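Subject: Handover of a structure and notes on its features

Dear colleague,

Please look through it first; my notes follow directly below it.

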Amino acid sequence: MSGIYIHIPFCKQACHYCDFHFSTQLGKKEAMVQTIAKEMVLRKSEVEDEVETIYFGGGTPSVLSNKEIEFLIQTVYDNYIVIDHPEITLEANPDDLVSSRAQSRSLFLDYKNVGINRLSIGIQSFFDEDLKLMNRAHNAGEAEQCIKEAKQYFDNITIDLIYGIPGMDNERWKSNIQRALDFGLPHISSYALTVEPRTALKKFIEKGVVPDVDDEQAQEQFHILVDMLAEQGFVNYEISNFGKPGFFSKNNTAYWLGKKYLGVGPSAHSFDGKNRGWNIRNNPTYIKKINEGILPIEVEALSQSDRYNEAVMTGLRTVWGVSLEKIEKEFGLTYLDYLNQQAQKYVEQGLLQLVDGKLLTTKKGKFLADGIASDLFFVD
């Protein structure tokens, strides 16, 4: 099984913390949609498996018209073998989903009619002070309204929340989580605010306009999140993702389990099981090259050590852990012995545990999983 990721590189405005590839100039939106469709046609020979997920990410895919979304979905069906009832996710922002109630109702129905069956809504916070600091385009009222309306049409909804925001104390974070729980959503994705280079947030912190992110508080808020969601029956199946049984993201789970996927659109990444590829992060050049029949892609062939390192990194982030049997089978005893040796100190510190032949993070070690994984990497 494979997945198709479609990167829509447009946003109405730039969030202060974001370093994803996007443009706020929407004039080339129609040309971009046509070009992404052409890339799908050019690359259809790369996907021999059935497609089980289609994911519209970005950027902000909800800036597309319904006809544009339908056109891209149809292009997938015309060029790939798609399973019955695939998971088709659309990332959306609240301000695109609510304007007048009549228009919102029509929009949600349109999404359903073209095949969207999972909505991922970028809430980030239910408090205006947080949204203003991040320069989000919506307000707290729109955040709540769009969820209420979306629930009338969709069962499979996830929202994003951000913790570790400067000025957001633990009580406000608990209120954020509780508001999400009050809606009865089946899935929540939550991320620590990170300060990326070349972002407005980075400049504001350097100038002293905004206080720096407090890593200790972010860790506290992560543990608050884990505890509150566990009490309500959520499974923390990946560090940043919490789902009720039956509502785990099939698209994202495929990434963590090392399945193949094709990424189309500028900056999109792909993985064929042995190689990683990524498209150019430049909209005009991407459009020009694709229309010339040239794929503007860089490809990296993964070495055995690269693949081992990825297996460790993704495994420690998930509830499925790192299978020692799989490590031995795919990489050999040298890698297995190295993993056991490097992991021992973290087991002794109570950060890792061995359960049924799988290496897992403990509750204490989960927030530190990426740092622990990097220490388990095999460097040639």
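The notes below go from the overall fold to strands, aromatic rings and selected residues.

**Overall fold**

Please bear in mind that this is a predicted model. The secondary structure of the protein chain consists of 15 helices and 15 strands. The chain has 380 residues and a radius of gyration of 21 Å, which agrees with the value near 21 Å that a compact globule of that length would have. Along the principal axes, the C-alpha atoms occupy a box of roughly 60 × 50 × 45 Å. Of the 380 residues, 52% count as buried. Among the contacts with a separation of 6 or more, 71% are between residues 24 or more positions apart.

**Strands**

Strand S14 is joined to strand S15 (residues 358-361) by four bridges, and the two run antiparallel. Within this pairing, valine 355 stands opposite lysine 358 in S15.

Strand S10 (residues 269-271) and strand S11 (residues 275-279) run antiparallel and are joined by three bridges. The hairpin of S10 and S11 has three residues between the strands, and in this hairpin glycine 273 takes a positive phi near 105°. On its other pairing, S11 is joined by five bridges to strand S12 (residues 297-301), again in an antiparallel arrangement. Tryptophan 278 takes part in both pairings: in S11 it is the bridge partner of histidine 269, and its own bridge partner in S12 is glutamate 298.

**Aromatic rings**

The structure holds 17 aromatic pairs. One of them is formed by tyrosine 163 and phenylalanine 222, whose rings are tilted, with 6.3 Å centre to centre and 40° between the planes. Tyrosine 163 lies in strand S5 (residues 157-163) and phenylalanine 222 in helix H9 (residues 215-231), so the pair ties together parts that are 59 residues apart in sequence. Both tyrosine 163 and phenylalanine 222 are buried.

Tyrosine 237 and phenylalanine 248 form a stacked pair, with 4.1 Å centre to centre and 5° between the planes. This pair links distant parts of the chain, 11 residues apart: tyrosine 237 is in strand S7 (residues 235-238), while phenylalanine 248 is in the loop between strand S8 (241-243) and helix H10 (250-256). The two residues are placed in separate accessibility classes. Tyrosine 237 has 0% relative accessibility and so counts as buried, whereas phenylalanine 248 has 25% and therefore counts as partly exposed.

Ring pairs also link Tyr308, Phe331, Tyr335, Tyr338 and Phe378 into a cluster.

Two charged residues lie over ring faces. Lysine 112 is over the face of phenylalanine 154, at 6.0 Å from the ring centre. Arginine 172 is over the face of phenylalanine 127, at 5.8 Å from the ring centre.

**Alanine 143**

Alanine 143 is located in helix H6 (residues 140-150). This residue is buried, with a relative accessible area of 0%. If its neighbours within four places in sequence are left aside, alanine 143 is in contact with Pro94, Ile123, Ser125, Phe126 and His138. Serine 23 is 120 residues from alanine 143 in sequence, and the C-alpha to C-alpha distance between the two is 23 Å.

**Cysteines**

The structure holds zero disulfides. Cysteine 146 is in no disulfide; the nearest cysteine sulfur belongs to cysteine 15 and is 14 Å away. A disulfide would need the two sulfur atoms within 2.5 Å. Cysteine 146 has 0% relative accessibility and so counts as buried. Cysteine 15, at 16% relative accessibility, also counts as buried, because the class covers values under 20%.

With kind regards

Methods: Residues numbered from 1 in each chain as written. Predicted model: local features only at pLDDT ≥ 70, side-chain atom pairs only at ≥ 80, totals over all residues. Heavy atoms only, no water. Pairing = 2+ DSSP bridges. Phe/Tyr/Trp six-rings, centres within 6.5 Å; stacked < 30°, edge-to-face > 60°. Buried < 20%, exposed > 50% of the residue type's maximum accessible area, 1.4 Å probe, protein only. Lys NZ or Arg CZ within 6 Å of the ring centre and 35° of its normal. Contact = heavy atoms within 4.5 Å. Rg over C-alpha atoms; globule rule 2.2 N^0.38 Å.
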